[in-house]
Amino acid sequence: PLWNGSLDDFDEKRMTDIFLSCLAHMTLPPQLKEKSLEISLSFIDDTAIQDLNRDYRGKDKPTNVLSFPQFEDFEGDDMPLTDIDPVPVGDIVMAYETIRKEAEEQKIAFSDHLVHMLVHGFLHLNGYDHETDEEADEMEHLEIKILSDLGIENPYKDLNFVA
């Protein structure tokens, strides 16, 4: 119920634009170019995401977004690309209270921060991470580019991050 009304700006066209912008910056294997991709989105609350974060990441606190990739990467041997259509890429789970709080703290529109978290989650599904400074820089540069394509300002601008 927390999400009621918060997703009004996210019709099928908007969601398609977001994921196409993400895909435009990905290098997919040829087998995927002719396939449909399936991503599950779950919109939950902080209590539910805290449970997931504890159970799957060992961190007993809420977070903004979690991603659960179906495959380790799009090039691995564990992906039977010829047998599946649509290809299940994975799940993105987002927590309302944390995303709302972060948007307010950063003084940005909730919908812009939600798109950022969708992009962030999608990149995690595609093997990007931010465990090291180098990985974080690469992922943040890509987020900034994708968000710019979607008309959303650099979310890292106030952190003195330059793309």
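Which side chain of opposite charge is nearest to Asp46, and how far away is it? The first numbered point after the ground rules takes this up.

1. Ground rules. This is a predicted model, in which local features need pLDDT of at least 70, side-chain atom pairs count only at pLDDT 80 or more, and totals for chains, interfaces and linings use all residues. Residues are numbered from 1 along each chain as its sequence is written, and side-chain values use heavy atoms, with hydrogens and water left out.

2. Asp46. The answer is Lys101, at 6.5 Å. Lys and Arg count as positive, Asp and Glu as negative; His and the chain ends are not counted. Asp46 is buried (under 20% relative accessible area; exposed is over 50%, partly exposed in between; 1.4 Å probe, protein chains only). Yet Asp46 has no salt bridge (a side-chain nitrogen of Lys or Arg within 4 Å of a carboxyl oxygen of Asp or Glu). Asp46 lies in helix H3, residues 46-57. Helices (H or I, at least four residues) and strands (E, at least two) are DSSP runs, numbered from the N terminus. Setting aside residues up to four places away in sequence, Asp46 touches Pro62, Ala95, Glu97 and Thr98. Contact means heavy atoms within 4.5 Å.

3. Helix H4. Tyr96, Thr98, Ile99, Glu102 and Ala103 of H4 are buried. The buried residues of H4 pack against strand S1 (37-44), H3, strand S3 (87-95) and H5. Lys107 follows H4, and its phi is positive, near 55°.

4. H4 against H5. Helix H4 (residues 96-106) and helix H5 (residues 110-125) pack at about 120°, with axes 9 Å apart. Axes are lines fitted to C-alpha atoms, for helices over the stretch in contact; angles run from 0 to 180 degrees between N-to-C directions. So H4 is oblique to H5 (under 35 degrees is roughly parallel, over 145 roughly antiparallel, 65 to 115 roughly perpendicular, the rest oblique). From H4, the contact uses Tyr96, Ile99, Arg100, Glu102, Ala103 and Gln106. From H5 come Phe110, His113, Leu114 and Met117.

5. H1 against H5. Helix H1 (residues 12-24) packs with H5 at about 45°, axes 10 Å apart. That makes H1 oblique to H5. Arg14, Met15, Ile18, Phe19, Cys22 and Leu23 of H1 meet Val115, Leu118, Val119 and Phe122 of H5.

6. Gly121. This residue sits in helix H5. Gly121 counts as buried because its relative accessibility is 0%. Leaving aside neighbours within four places in sequence, Gly121 contacts Val65, Ser67 and Ile92. Gly121 and Val93 are 28 residues apart along the chain, with their C-alpha atoms separated by 8.0 Å.
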